[in-house]
Amino acid sequence: MTKLALVTGGAHPMGIGFASAKALVDLGYEVIVTGYSAEETGLTPETAGISTRVLDVTEDTSIAALVDTLPRLDALVNCAGHASYDEFSLESFARTVEINLNGTMRMTMAALDLLKKDGGAIVNIGSMYSIFGSEVAPGYAASKGGVVALTRSFAASFAKYGIRCNAVAPGWIKTNMSRVMWENDEMAAPISERTPMGRWGEAQELGDVIGFLCSPASRFVTGVLIPVDGGYSISG
């Protein structure tokens, strides 16, 4: 039977989630990617092995409506995310945490019974800000630090079910969310200069690592955070 993967927040063609979906298709999965609205899922390119659903990871009813339709689940990639430039506002801070951290918790717990059946894999999306703070986005940094702690807790708790849970820490990746920066030479150049590999990353370079973490090749790997940042987090 073909394995099934669910990638939340994977609808946009220039995102980490969609790159993950393509990697999973190459590994033999059927993949469902989700978007926050029909408008967002309408952006998803028609791709063999990938289908779309609308999902709000902050709403239990939205999550349950999706999970209840799944015949099985072998991999869950919690990629739905949010950031803003107003996170010193408590309202904005809470919104970011609600999506990035609480959304990861909600989605995972809703999918747990399906994942238990065949010992599935979970991959969560941390950040380089899981490693160090952000002077402009405290909600994003706090939520992504929480995602890593949650990942380790899931790994410790779910191993008895044959479920592995890992996280990736993207560096500066060319996605739609970061477009305002990588399309601006004045903003992009200092990042490339600090990065030991001398450039921004491509979404597929991260998607392929997520695919690895969902594959049998990583069958004895759980509870880890893998930076995919070209060395940015080790460079002073």
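This is a predicted model: local features need pLDDT of at least 70, side-chain atom pairs count only at pLDDT 80 or more; totals for chains, interfaces and linings use all residues.

User: In what order do the seven strands of the open sheet lie?

Analyst: The pairing between the strands is parallel, and the twist averages 20 degrees from one strand to the next. Read across the open sheet, the seven strands follow the order E3-E2-E1-E4-E5-E6-E9.

User: Which strands stand at the edges of the sheet?

Analyst: An edge strand has a single partner strand, so one side of it is left without a neighbour in the sheet. The two strands in that position are E3, residues 50-54, and E9, residues 225-228.

User: Which residue in E4 stands opposite Val7?

Analyst: Strand E1, made of residues 4-8, pairs with strand E4, made of residues 75-78, in the parallel sense and over four bridges. The residue of E4 that stands opposite Val7 is Val77.

User: What angle does the direction of helix H4 make with that of E4?

Analyst: Helix H4, which covers residues 90-118, packs on the sheet and touches E1, E4 and strand E5, residues 121-125. Taken between the two directions, the angle of H4 with E4 is about 180 degrees.

User: Which residue is the bridge partner of Leu6 in E2?

Analyst: E1 also pairs with E2 in the parallel sense, over four bridges. Five of the six residues of E2 are buried, so this strand is largely enclosed by the rest of the structure. Within E2, the bridge partner of Leu6 is Ile32.

User: How many of the seven residues of strand E6 are buried?

Analyst: In a regular strand the side chains alternate between the two faces of the sheet. E6 is largely enclosed by the rest of the structure, because the number of its seven residues that are buried is seven.

User: Which residue of E6 is the bridge partner of Ile122?

Analyst: E5 and E6 run parallel and are joined by five bridges. The bridge partner of Ile122 in E6 is Cys165.

User: How much space lies in the largest pocket?

Analyst: The lining of the largest pocket consists of 46 residues, of which Gly81, His82, Ala83, Tyr140 and Met177 lie nearest the centre. By class, these lining residues divide into 23 nonpolar, 19 polar and four charged. The space that lies in the largest pocket is about 1300 Å³.

User: Which element gives the largest share of the lining of the largest pocket?

Analyst: At least two lining residues come from each of helix H1 (16-26), strand E2 (30-35), H4, helix H5 (138-158) and helix H6 (179-182). The largest share amounts to three residues, and the element that supplies it is H4.

User: What volume does the second largest pocket have?

Analyst: The second largest pocket is lined by 13 residues, and the closest to its centre are Lys3, Tyr29, Gly119, Gly120 and Cys214. By class, that lining has four nonpolar, three polar and six charged residues. The volume of the second largest pocket is about 150 Å³.

User: How far apart in space are Ile125 and Pro227, C-alpha to C-alpha?

Analyst: Ile125 lies in strand E5, and at 7% relative accessibility it counts as buried, the cut-off being under 20%. Beyond four places in sequence, Ile125 touches Val77, Asn78, Cys79, Lys144, Val147, Val168, Pro170 and Ile210. Although Ile125 and Pro227 are 102 residues apart in sequence, their C-alpha to C-alpha separation is 10 Å.

User: Is Ala11 buried or exposed?

Analyst: Ala11 lies in the loop between E1 and H1. Leaving aside residues up to four places away in sequence, Ala11 touches Val33, Thr34, Gly35, Glu40, Thr41, Leu43 and Thr44. With a relative accessibility of 0%, Ala11 counts as buried.

User: How far apart in space are Asn184 and Ala111, C-alpha to C-alpha?

Analyst: Asn184 is found in the loop between H6 and helix H7, residues 185-194, and at 30% relative accessibility it counts as partly exposed. Asn184 and Ala111 are 73 residues apart in sequence, and their C-alpha to C-alpha separation in space is 40 Å.

Key: Residues are numbered from 1 along each chain as its sequence is written. Side-chain values use heavy atoms; hydrogens and water are left out. Two strands pair if DSSP finds at least two bridges between them. Axes are lines fitted to C-alpha atoms, for helices over the stretch in contact, and angles run from 0 to 180 degrees between N-to-C directions. Contact means heavy atoms within 4.5 Å. On a 1 Å grid over the protein atoms alone, a cavity is a set of points where a 1.4 Å probe fits but cannot get out, and a pocket is an open set with protein on both sides within 12 Å along at least five of seven lines; lining residues have an atom within 4 Å of a point. Grid points are joined across faces, edges and corners, and a volume is the space filled by probe spheres set on the points. Ala, Val, Leu, Ile, Met, Phe, Trp, Tyr, Cys and Pro count as nonpolar, Asp, Glu, Lys and Arg as charged, and the others, Gly among them, as polar. Buried means under 20% relative accessible area, exposed over 50%, partly exposed in between (1.4 Å probe, protein chains only).
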